[in-house]
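Here is a friendly tour of a protein chain, meant to be read with the structure open beside it. Pick out each residue as it comes up and follow along.

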Amino acid sequence: MKTFINVEDIGPLEKALAEAQEIKNDRFKYQHLGKNKTLMMIFFNNSLRTRLSTQKAAMNLGMNVIVLDVNAGAWKLETERGVIMDGDKSEHLLEAIPVMGCYCDMIGVRSFAGLTDREYDYAETVLNQFIKYSGKPVFAMETATVHPLQAFADLITIEEYKTVKRPKVVLSWAPHCRALPQAVPNSFAQWMNAADVDFVITHPEGYELDPRFVGKARVEYDQKKAFEGADFIYAKNWSNPGVTNPADYGKITSKDMSWTVDTEHMSWTNNGKFMHCLPVRRGLIVTDDVIESPNSIVIPEAANREISCSVVIKRMLETL
C-alpha cells in the first residue's frame, strides 16, 4: 500500500478488521517491520488524537518518528504555483516536500480545508503534492475532504460493540459555533457504505454531502425518523458543503439547536450507542448526560485510533 486516503486503499474490510483485532491482541507483534525506518508526521493544523495515536502506532511497530508542525516549527510554506513569493512565506512546498522525503521512509499529512474555495479543497491540492513529489508512501491524517484513520477506527468500534449482524448506523448533523470541514462525515459515510450496515444520514436541508461520499446511504431530513431503531448514533457538525448552493460552501447556514443530541433523541433509538470523533462541544453537539452515559463509546472509539493507524502503517511497511 503506497497511499491511504479512501476506503478502497485498505482492501477487503473483513481482512482489515481481522488484522486490527490481531494487532489489538499484540500491539508489538510487528516491531521488526519498522526497525531503522522513520515516519515523518507533518501537521498543517492542530491535533490531539491523531498526533498521539499515530506516533504511538509507529513506535509500536518499531519506527523512529519525526513530528513537524509547519505553522510552529518551520518556515511558512507557500502551496500555490506561479506566485511571486514576496510575502511572509519563505519556502515553497515544491522544495520542502522532496527535502522531507530525504529524511524519512513514510509520510503522514494533516491539512484541513480552507472552506473558501471548494474546487481547491476537493482537489486535495496539498495532499496530492506530497504524493507526487515526496517519493515516499503517504497516508492522510485528515485532509481537506477525508479522515480515513478516524473512519477506520469508527468501523472497528462498531464491529466491537454491535449486537446484531447488520446494525443501523446513523450519521447526524449537529449544530456548532464554528464552520467545520466535511472530512469526518465524508469518510464516515464512505466507510459505512463499504461496510455491512444499514446506513442513514440525517441533516437539515441544504447540508447535503458530496454525492461521491453519500453513495448508497439513505438521506433523511427528519432527525427523529432517522434515529428510530438506530443501534449507533454518530453525531458530527459540518459546514455547508455547497452541493445545492455553491455560494454557501464553508458557511454556517443553520444553527438549529433542536439537532443537539440529548436524552430524548437517544430514546428514539434501539438503546443506541453514541459516537463522536472528538473533540466535542458539549451543549452544542451533545448534552452532558448523553456523552457521559454508559452508552457513550467515544473513549473506546478514540482508543481504536491507535489500532486503525497500526494496520495502515504496517501495510505500508510491508511494501517498503
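## A buried asparagine and its partners

Let's begin with asparagine 60, which is buried, with a relative accessible area of 2%. Keep in mind as you look around that this is a predicted model. Asparagine 60 belongs to helix H2, which covers residues 49-60. Setting aside residues up to four places away in sequence, asparagine 60 touches Arg27, Phe28, Gln31 and Glu306. With one of these, glutamate 306, there is a polar contact from side chain to side chain at 2.7 Å.

Glutamate 306 is worth a stop of its own. Glutamate 306 also forms a salt bridge with arginine 27, and the closest N and O atoms are 3.2 Å apart. This pair links distant parts of the chain: glutamate 306 sits in helix H13, while arginine 27 sits in the loop between helix H1 (13-25) and strand S2 (38-43), 279 residues apart. How exposed are the two partners? Glutamate 306 is buried, at a relative accessible area of 13%, whereas arginine 27 is partly exposed, at 28%.

## Other salt bridges

Side chains of opposite charge can pair when their charged atoms come close. How many salt bridges does the count come to? The count is 17 salt bridges.

One of them brings together the side chains of aspartate 198 and arginine 218, at 2.8 Å from N to O. Aspartate 198 lies in strand S9 (residues 198-202) and arginine 218 in strand S10 (residues 218-220), so the pair ties together parts that are 20 residues apart in sequence. Aspartate 198 counts as partly exposed because its relative accessibility is 22%, and arginine 218 likewise counts as partly exposed, with 43%. Another salt bridge joins the side chains of lysine 225 and glutamate 220, at 4.0 Å from N to O. There is also a network to look for: Glu19, Lys314, Arg315 and Glu318 are joined into one by salt bridges that share partners.

Leaving out residues up to four places away in sequence, tryptophan 191 touches Phe4, Asn6, Val7, Ile10, Leu13, Pro148, Ala151, Phe152 and Leu155.

Isoleucine 97 is placed in helix H4 (residues 93-102). Is isoleucine 97 buried or exposed? Isoleucine 97 is buried, with a relative accessible area of 0%. Apart from residues up to four places away in sequence, isoleucine 97 touches Gln129, Phe130, Tyr133 and Ser134. For a sense of distance, isoleucine 97 and alanine 189 are 92 residues apart in sequence and 31 Å apart in space, C-alpha to C-alpha.

Tyrosine 103 is exposed, with a relative accessible area of 54%. Together with Ile66 and Val99, Tyr103 makes a nonpolar surface patch of about 280 Å².

## A threonine in a loop

The last stop is threonine 269, found in the loop between helix H11 (263-267) and strand S12 (273-275). Threonine 269 counts as buried because its relative accessibility is 11%, and the cut-off for buried is under 20%. Which backbone atoms lie by its side chain? The backbone oxygen of methionine 266 lies 2.6 Å from a polar atom of the threonine 269 side chain. The backbone nitrogen of glycine 272 lies 2.8 Å from a polar atom of that side chain.

Beyond its neighbours within four places in sequence, threonine 269 is in contact with Phe227, Gly229, Ala230 and Ile233. As for tryptophan 191, threonine 269 is 78 residues from it in sequence and 22 Å from it in space, C-alpha to C-alpha.

Technical notes
Residues are numbered from 1 along each chain as its sequence is written. This is a predicted model: local features need pLDDT of at least 70, side-chain atom pairs count only at pLDDT 80 or more; totals for chains, interfaces and linings use all residues. Side-chain values use heavy atoms; hydrogens and water are left out. Helices (H or I, at least four residues) and strands (E, at least two) are DSSP runs, numbered from the N terminus. Buried means under 20% relative accessible area, exposed over 50%, partly exposed in between (1.4 Å probe, protein chains only). A polar contact is a pair of N or O atoms within 3.5 Å; within protein, one must be able to donate a hydrogen and the other to accept it, and residues adjacent in sequence count only if both atoms are side-chain atoms. Contact means heavy atoms within 4.5 Å. Patches are made of residues with over 30% relative accessible area and no salt bridge: like charges are joined within 9 Å, nonpolar side chains (Val, Leu, Ile, Met, Phe, Trp, Tyr) within 5 Å. Accessible areas come from the Shrake-Rupley method with a 1.4 Å probe; for residues, only the protein chains shown count as cover.
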